[in-house]
Amino acid sequence: MGLVMSTSLLSAVLCGTASGAVPEDAGGQTAAVPAARVGGERDCPVVYFDLGETLLHTADDGSTDYLRGAASYLRALRERHIRVGLITNVPSSWGTTDAERAARLKEEVDATWRGPVPFAWADFGDRILTPRAETERKPAPVLWQRAKAESGRCRVVYEAETAEEVSVASSLGFVSYQVGRPHRPAFLPVGLVELLGRRSR
């Protein structure tokens, strides 16, 4: 598929296929591996995203909507009970806690939202990590380090549109994927994400 994947992902895929090929569905896509728990979130992996131009798009008039394919991708992760989170730069002045800054972020996005379906804020729970000071803004490593620490022994995935952020996350031990590149899947295929969930760090 011409995927750009980190060494961690390649290792996971190779080890997984050594004991049995990853099945494909009728369309040739990597098929889903059954979830470890039914009716609740899986412990592993945890998939973190950047927000702007990764999951949502801001038009020239300032309105926002899902980036193409993002809503269905989040839905696919939700159906497989895979935890998701956001690592996103917002002004540190928006609040003294992640919860306060996340609440302000939701207000800002919702005020400009023009999509037919609201943004799936509930999917992210309390996993919306934002800078506590301007020095923590990406590409500083702090937010990724916090995400990794909060994910325990789970493998952590990071998906973003910028090569710099993907590179930094990869250097910190994330399975990183640059979204929206031509001739490649828009997002890291869900089947590969599920495969990572079968292998803790």
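T54 is buried, because its relative accessible area is 0%, where buried means under 20% relative accessible area, exposed means over 50%, and partly exposed lies in between (1.4 Å probe, protein chains only). T54 is placed in the loop between β1 and β2; helices (H or I, at least four residues) and strands (E, at least two) are DSSP runs, numbered from the N terminus. This is a predicted model, in which local features need pLDDT of at least 70 and side-chain atom pairs count only at pLDDT 80 or more, while totals for chains, interfaces and linings use all residues. Residues are numbered from 1 along each chain as its sequence is written, and side-chain values use heavy atoms, with hydrogens and water left out.

Not counting residues up to four places away in sequence, T54 touches F49, L67, A70, E159, A160, E161, V179 and F187, a contact being heavy atoms within 4.5 Å. The side chains of T54 and D50 are also joined by a polar contact of 3.5 Å; such a contact is a pair of N or O atoms within 3.5 Å, and within protein one must be able to donate a hydrogen and the other to accept it, while residues adjacent in sequence count only if both atoms are side-chain atoms.

Which strands belong to the open sheet, and in what order? The sheet has 5 strands in the order β5-β4-β1-β6-β7, with parallel pairing, and its edge strands are β5 and β7, each of which pairs on one side only. Two strands are said to pair if DSSP finds at least two bridges between them. Strand β1 (residues 46-49) is joined to β6 by 4 bridges, and F49 stands opposite E159 there. On the other pairing of β6, 4 bridges join it to strand β7 (residues 175-178), where E159 stands opposite Y177. Strand β4 (residues 83-87) is joined to β5 by 2 bridges, with I87 opposite L129.

Between β6 and β7 there is also a helix to consider: β6, helix α5 (residues 163-171) and β7 make a right-handed β-α-β unit. Right-handed means that, with the strands pointing away from the viewer, the path from the first strand over the helix to the second runs clockwise.

K138 forms one with D50, the closest N and O atoms being 2.9 Å apart. Because K138 lies in the loop between β5 and α4 and D50 in the loop between β1 and β2, the pair ties together parts that are 88 residues apart in sequence. K138 and D50 are both buried, and together with E165 they are linked in a network of salt bridges.

Another salt bridge joins the side chains of R146 and D98 (2.2 Å, N to O). Since R146 lies in helix α4 and D98 in helix α3 (residues 98-112), this pair ties together parts that are 48 residues apart in sequence.

Definitions and conventions:
Salt bridge = Lys/Arg side-chain N within 4 Å of Asp/Glu carboxyl O.
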